[in-house]
Amino acid sequence: MTNPDNAAKLSTEVKNKLNNNKKKQVDGDGLVIMSRGLGLRKVLLAFLNIYSHNKNLVILLNTSQQEIESLKAELAIIQKSRNGQSFLKIINNETPSSERHSIYINGGMLAITSRILVVDMLNKVIPTHLITGILVNHAHTVTETSMEAFILRLFRQENKVGFIKAFSDSPESFIYGIWKLEKTMRTLFLRNVYFWPRFHLAISKELEKNRVSVLEIRVPLSPNMKTIQTSLIECLESTLLDVKRLANYVDIDFNIENALFRSFDKIIRNQLNPIWYNISNRAKKIVGDLKTIRSLIDFLLTYDCVAFYSLLETILAENTPSSIFQQENSPWLLLDAANTVFSLAKNRVYVTASNQKELENCKVTKELKPLMPKYTIPILEELPKWKVLKAIIYEIFEEIDPFKKMVKKEGIKENKKILIMVNSKRTSIQLKMVLSLFKKNEINGSYYLMNKLLENYFKWKKKMLYFNKNSVHSNNTNTNNNNMNSNSNSQKNTNSSKPGGRYASLNNSGNPGGGRRRVRRGKTSTNINFIQTHISNNSIEESKMKLEEENDENKKKYEDEQEFGEYLPFDIQVEDEMEKDDDNIIIREYSFAGFLKQSEVVDDYKLLEEIRPDYVIIYDPNLNFIRNLEIYCASLKKKKIPKVYMLIYDNSIEEQRYLSQIRREKHAFETLIREKSVMSIPIDQDGRIKLQPEDDFWKEINTRIAGGQIEKGYKKQIIVDTREFRCSLPLLIHSREINVKPYTLIVGDYVLTPDHCVERKSINDLIQSFKSGRLYNQVESMTKYYKQPILLIEFNQDKSFLLQNVNKTEISNEDIQSKIVLLLLSFPNLKILWASSPYASSEMFEDIKKDQKEPDEEEAVSKGAELLEKNNATYAQYSTQQYNLTPQEMLLSIPGVYHKNYKIIMNNVENILELSQMSEDQLKKLVGIESARLIYSFFNSTPKDKRE
């Protein structure tokens, strides 16, 4: 690894500029926006190193756990501390609350989870007035309703001296929307912004000292690939024309250059979310097709011909109309250009022989020959870059051979290292197989790879055909049986008007044509009941918060959009011998695709420091890596600068996207510089001073006292359950000058007054709560302890304020509206608030609190405690560690079983079998009337009963 002293010198000029006025830059506030790959990570490490002394209390925000661990390791090397331990302390869900206060008092550099920090600041666990400053990473992701904005608001209210520094390497994120930069600076409480683009004079001068020379090799596309690319662009243009019809709702430039980026279809979908319910199915299909076509253009240049053709087949299978329910095809599939794409993609894999001689001259492996259909000749067109890559490797080996002879004479042990950078794991595996066999002078590596892929493809096709036949046969059998049953039922009930009858077969049969539907790698949704756990001791609260944060992290991973076609069922696995890097060739992936998600992906600059390659082959062009390579070479001596090759397809979308990325970044910085020149920043935007100090005087006046006398210490407050800090509502409540008191509540989520208690439900949570029966118990508890129970149904502000599809005219018993009516009939005193967004919820809370008494913390926390104390004598002697986790999770999945009664069941019932055999009266004595009814009906009902 490179000496840390050399690494610290890599951006000396940049650091000198940043610290030109040391008092202003180091101790002052500011937002730094840099180009990607220009060492923003090193700048952040420099600040971490400066403030890591125990005399300071500096907090690092908005940084993932994976990135924190990486920063901690690098900081330990820079500080050269003992045992590799740095001064960066991590506080997360594993740190108990009893220890957090002492960690805060001892000072140092702290990396804290945002939710934990908000609760600690509101509960005065952390001395906010003693905080030296806050470092905000990835500032472009901070919004007005994020937890980071809440933290900065609380910090500035009690600390007018500490600094706030924000960092971002995504200038494009600040130009979308109206005055995004100004809004972000207001949210961050900052008045200064600093731009460091690649064309900055200081950066250009620094990087030109040891300029890296890149040999750009333009690889021509094959005729088939060129025609397919042109046809896909034609399909994309046609799809864009269809989307333009929605231009009244979408504010974006419709052109091919913008459509090549992943953010394009995301922006369109986000802008259409508020009216998504009112858009036709065909329009929704067209919006989804933008992503599909863009992905196909990418895969044409990166995937082999077998994988690309298989993806096209899955698209056809997905758009095949079923036998009963007509499904609308994607419009682009009906174009002539789409037909060209499918036919040429097939011709790249195999063609039909015209005579017997062609079959005899066909050369394939022994394993592939029996699997091939009759009169089929494999073409197996290789990717053009494979041949060029092998030629480059061969040329490098010729340069290395004289060096090896010289090394042997002098007795020096040194190997020349070749680093190949690729875009994905799949490309890495393929290149390892091709190059490993190529180096061994065995059978052509690409020939073996393509034959193996085609072999696995034919095996997969046969399995799918067998599966489809069986599924269709079973569906037909079930349909016939159901039809017979329905006919017999209709004969028995000829005069009955009971619904079902002959249409019951449609409801009970398997999915028609389901075997032909493609099961896509989608998102998973889990219903974790511990979100509503009623707890009263601190130890359980800590474990609760830990589980919730793990659930949030998993949810974010699932919400991260995965590209269509990322995994294929017939992918080959690289052998163990090929998996290992040899002494010369090292293949790695770029860190931009998974640094924050995958532990095995190393930061690009750190990778270059560790490997110190002599040759670098950029297989897939990547601007971020090229910038890191420039900085790496600037920190080296001129003799050690590696020789760099960059492969790029000539006149391709790959080239267009690479050049567009450079233009977009330059345009973003130019736009931001113009915006800064005309930006009007209030003098009190940083929160350090107040223009009207008399505001505090008026806030202390209570008009409920005669004459508007001053009542010291009087301020509105709302008691909030700690589990509610996952949403933005506590922040919006606090922004209305209402104190937020975080406590673990047994009953309700928000206590507004001594009489008003609110249970907040998002739409997804509302549906899950009705399914599990949890909402009934929550409303029952609120009704018992508060005069006015309130159910708040909160919608997403970015989506439509609509509970039912406008195309649906009838409401059944299973609809959410019917369940809400039944809930109101059961609890007439219950009031329902409908909020279009968290902003509307906070406004309604403020209106409810007018002329009302403030809630008492101790009283709100104590309500519902007797529900737990009633059976404390029974299960206090038992510990949750005495039970296996799997049976507990299985028990909690049963309707009527919740975290407030599952321990009672475990301590009084031997196993689930005994629970299923208990009568309803026995269950009532154990868990109550409603829970007993749900548990008993779960074990003693059949699907037929539920259908009726």
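Student: How many salt bridges does a search of the whole structure find?

Tutor: The search finds 35 salt bridges. Keep in mind that this is a predicted model.

Student: Which residue forms a salt bridge with Asp29, and how far apart are the closest N and O atoms?

Tutor: The partner is Arg156, with the closest N and O atoms 3.2 Å apart. To place such a pair, look at where each residue sits along the chain. Asp29 is in the loop between helix 3 (22–27) and strand 1 (30–34), while Arg156 belongs to helix 8 (residues 147–158). The two are 127 residues apart, and the pair links distant parts of the chain.

Student: Are Asp29 and Arg156 buried or exposed?

Tutor: The cut-off for buried is under 20% relative accessible area. Asp29 has 11% and is therefore buried. Arg156, at 2% relative accessibility, also counts as buried.

Student: What does a pair within one helix look like?

Tutor: Start with the general idea: an α-helix has 3.6 residues a turn, so residues three or four places apart point the same way. Here, Arg933 and Glu930 both lie in helix 40 (residues 929–939), three residues apart, or about one turn of the helix. Their side chains meet in a salt bridge of 2.5 Å, N to O. Glu930 counts as buried at 14% relative accessibility, whereas Arg933 is partly exposed at 41% relative accessible area.

Student: Which other residues of helix 40 are buried, and what covers them?

Tutor: Besides Glu930, the buried residues are Ser931, Ala932, Leu934 and Ile935. Their cover includes helix 29, helix 30 (774–785), helix 37 (902–908), helix 38 (912–916) and helix 39 (920–927).

Student: Where does helix 29 lie?

Tutor: Helix 29 (residues 763–772) lies across strand 18 (756–762) and strand 19, and runs at about 100 degrees to strand 18.

Student: What is the strand order in the open sheet of six strands?

Tutor: The order is 16-15-17-18-19-20, with mixed pairing.

Student: In what sense do strand 19 and strand 20 pair?

Tutor: Strand 19 (residues 788–794) pairs with strand 20 in the parallel sense, over five bridges. Glu794 has Ala835 in strand 20 as its bridge partner.

Student: Which residues are linked in a network of salt bridges?

Tutor: Glu216, Arg218, Asp650 and Glu655 are linked in such a network. For a separate pair, take Lys849 and Glu854, whose side chains meet at 2.8 Å, N to O. Lys849 is buried, at 1% relative accessibility.

Student: Which residues form a nonpolar patch on the surface?

Tutor: Ile178, Trp179 and Val678 form one, with about 340 Å² of accessible area together. Trp179 is partly exposed, at 42% relative accessible area, and lies in the loop between strand 6 (163–168) and helix 9 (180–187).

Student: What do the buried residues of helix 9 pack against?

Tutor: They pack against strand 1, helix 8, strand 7 (193–196) and helix 26 (653–678). The residues concerned are Leu181, Glu182, Thr184, Met185 and Thr187. Phe189 follows helix 9 and has a positive phi, near 60 degrees.

Notes: Residues are numbered from 1 along each chain as its sequence is written. This is a predicted model: local features need pLDDT of at least 70, side-chain atom pairs count only at pLDDT 80 or more; totals for chains, interfaces and linings use all residues. Side-chain values use heavy atoms; hydrogens and water are left out. A salt bridge is a side-chain nitrogen of Lys or Arg within 4 Å of a carboxyl oxygen of Asp or Glu. Helices (H or I, at least four residues) and strands (E, at least two) are DSSP runs, numbered from the N terminus. Buried means under 20% relative accessible area, exposed over 50%, partly exposed in between (1.4 Å probe, protein chains only). Two strands pair if DSSP finds at least two bridges between them. Contact means heavy atoms within 4.5 Å. Axes are lines fitted to C-alpha atoms, for helices over the stretch in contact, and angles run from 0 to 180 degrees between N-to-C directions. Patches are made of residues with over 30% relative accessible area and no salt bridge: like charges are joined within 9 Å, nonpolar side chains (Val, Leu, Ile, Met, Phe, Trp, Tyr) within 5 Å. Accessible areas come from the Shrake-Rupley method with a 1.4 Å probe; for residues, only the protein chains shown count as cover.
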